[in-house]
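Trainee: I would like to go through the terms used for a structure and see what stands behind each of them.

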Amino acid sequence: MGGTKYAKAVAAIKAMENFFLTHSDIEQLINASGKAEMNSILASKKSGGAETDSLESVWNTLMDYAPECQELKILLYKNDFHNLKAALKSMISGREPDKYYIKPSNLNLESLKEILSSKEYERLPEYMRKTAEEAYKLITKTLDGQLADSLIDCDTLKALQTAAEKTKSSFMIEYALLNTVCADIKTAYRCCKMKKSMSFTETALCGSRELEKDGLVRAVMGGMETLTSFLENSSYGDAARLLEKSTAQFEKWCDDVITELAEQARMQSFGFEPLAAYYIAAEAEIKNLRILSVCKEFGADRETVTERMRKLYV
Amino acid sequence: MTNGMVFALIGAALAALMAGIGSAKGVGLVGEAAAGVVSVDPSKFSKVLILQLLPGTQGLYGLLTAIILLSRVGVIGGTPAELTTAQGLAFLAAACPIAIVGLISAIFQGKTAAAGVGITAKKPEHNGKGIIMAAMVETYAILALLISILMIYNIAV
């Protein structure tokens, strides 16, 4: 019966997918006169459905149906490493990290700061022990938060790729690859704009089979024109052109390619992939609602809102 | 009891056992998927129940084959026949189609029906398509049942 894992969970999330917002719902929300109308539309659309108001509740629902699914935990790596950054910075600044933490996370957030202060790295998940130790040393030695951030960001992508390879799932491998490529393009672009040193750029870029690290570092060092032509000669020329036009459009492209990947995974009847796809879709929906909410608050025009709306998983 | 009778009984046991195991697995898998849908939307219970029933038929075919075989050799409703080894092996061979095809087809039908539960969950109005897809697998179990019964009735006792 191999290959029929998570039959119950997959069937349940297929039923829950009916509660995702559709194109017409988004249209209605865009046309809403204010936040109050938005909330009433949302309340009518979501009544009786699964809780998708926060990613934590989406995650808890997934874990209720598939508590033994280890592969899904890879989706939280980005949150885990972000939380590591928050805890490290709070140690240096003497602030409480709680409000900077992102949930859901694989980490025990209550004890994260204590683990780092006592240097008991073995209490952390294996994929982040070395990073935590190195970042701690770096931040205490140099007090350069940006450098420590770059190290952690790069290690996030490496951990993501390593864990994805271990699952042997083409979906997860592609997910890790797309995340790495998007992050590397953004980092390379910023490093180039801010004329960062070669050693900083080398620390910050992760590299992947699609955009190999050495070439990307050389392109960054060569200046914006060299970087643009390097990216245009890769499979991500469209993305590079979008980044030149507007970062908002590039961010949207990054989210959309991940949603497109999730759309392929949802066709599967079994396995963890449709569950991961559901989480990614919920993430995109929550992001759309946040964008809508902020745009409504600041009275953004329809065009600004529409061009920022992420691809829907319906 | 003759060696022939032992082989015939093994045949009957395999027909009921293997097809039954296949059905149990298939029905169990669809039940798992159905429970997932019903936990979110209980109104879909009757629709997913039809899909869950489909892989159960192979178990019935196995049972039917076993009963026919047992009655042919006189274990049910008569005097047990003095079967030769060749006759016993012939009955064992006759039980094989439904035993093997029943086991495999029930598992595959379970997988197809569980995937059909996904259709019902997302688009309940297309429930029938899921049922048709799962029912296609049934064809091979019916063919195997037919062959098993024809063989059992045509073995001279």
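Mentor: Start with chain B: residues 24 or more positions apart account for 84% of its contacts with a separation of 6 or more. A contact here means two residues whose C-beta atoms, placed from the backbone, lie within 7 Å. This is a predicted model, in which local features need pLDDT of at least 70 and side-chain atom pairs count only at pLDDT 80 or more, while totals for chains, interfaces and linings use all residues. Residues are numbered from 1 along each chain as its sequence is written, and chains are lettered from A and ligands numbered from 1 in the order in which they are written.

Trainee: What makes the pattern of chain B α-α-α-α-α?

Mentor: Helices are DSSP runs of H or I with at least four residues, strands are runs of E with at least two, and both are numbered from the N terminus. Chain B has five helices and zero strands, and reading along its sequence gives α-α-α-α-α.

Trainee: Where does H4(B) bend?

Mentor: At Cys96(B), by about 35 degrees, and a proline, Pro97(B), follows within four residues. The bend at a residue is the angle between axes fitted to the seven residues ending there and the seven starting there. Helix H5 of chain B, residues 127-153, bends by about 25 degrees at Val137(B).

Trainee: Why is H4(B) called largely enclosed?

Mentor: A residue is buried if 20 or more other C-beta atoms lie within 10 Å of its own, exposed if 12 or fewer, and partly exposed in between. In H4(B), 29 of the 38 residues are buried, so the rest of the structure largely encloses this helix. Of the 157 residues of chain B, 54% count as buried.

Trainee: Why are H3(B) and H4(B) called roughly antiparallel?

Mentor: Two packed helices are described by the angle between their axes and the distance between the axes. Axes are lines fitted to C-alpha atoms, for helices over the stretch in contact, and angles run from 0 to 180 degrees between N-to-C directions. Angles under 35 degrees count as roughly parallel, over 145 as roughly antiparallel, 65 to 115 as roughly perpendicular and the rest as oblique. The axes of H3(B), residues 57-72, and H4(B) come within 9 Å and cross at roughly 170 degrees. The pair is therefore roughly antiparallel. Among the residues that meet are Tyr61(B) and Leu69(B) from H3(B), and Phe91(B) and Ile98(B) from H4(B).

Trainee: Now chain A. Is Tyr6(A) buried or exposed, and how do you know?

Mentor: Tyr6(A) has 27 other C-beta atoms within 10 Å, so it is buried. Tyr6(A) sits in the segment before H1 of chain A, and its phi is near 60 degrees, positive although the residue is not glycine.

Trainee: What makes Lys168(A) exposed?

Mentor: Lys168(A) is exposed because its count is 9 other C-beta atoms within 10 Å. Lys168(A) lies in the loop between helices H8 and H9 of chain A, and also has a positive phi, of about 60 degrees.

Trainee: And why is Ile115(A) called partly exposed?

Mentor: Because Ile115(A) has 18 other C-beta atoms within 10 Å, it is partly exposed. Ile115(A) belongs to helix H6 of chain A, residues 109-117.

Note on methods
Expected span 1.5 Å × (residues − 1).
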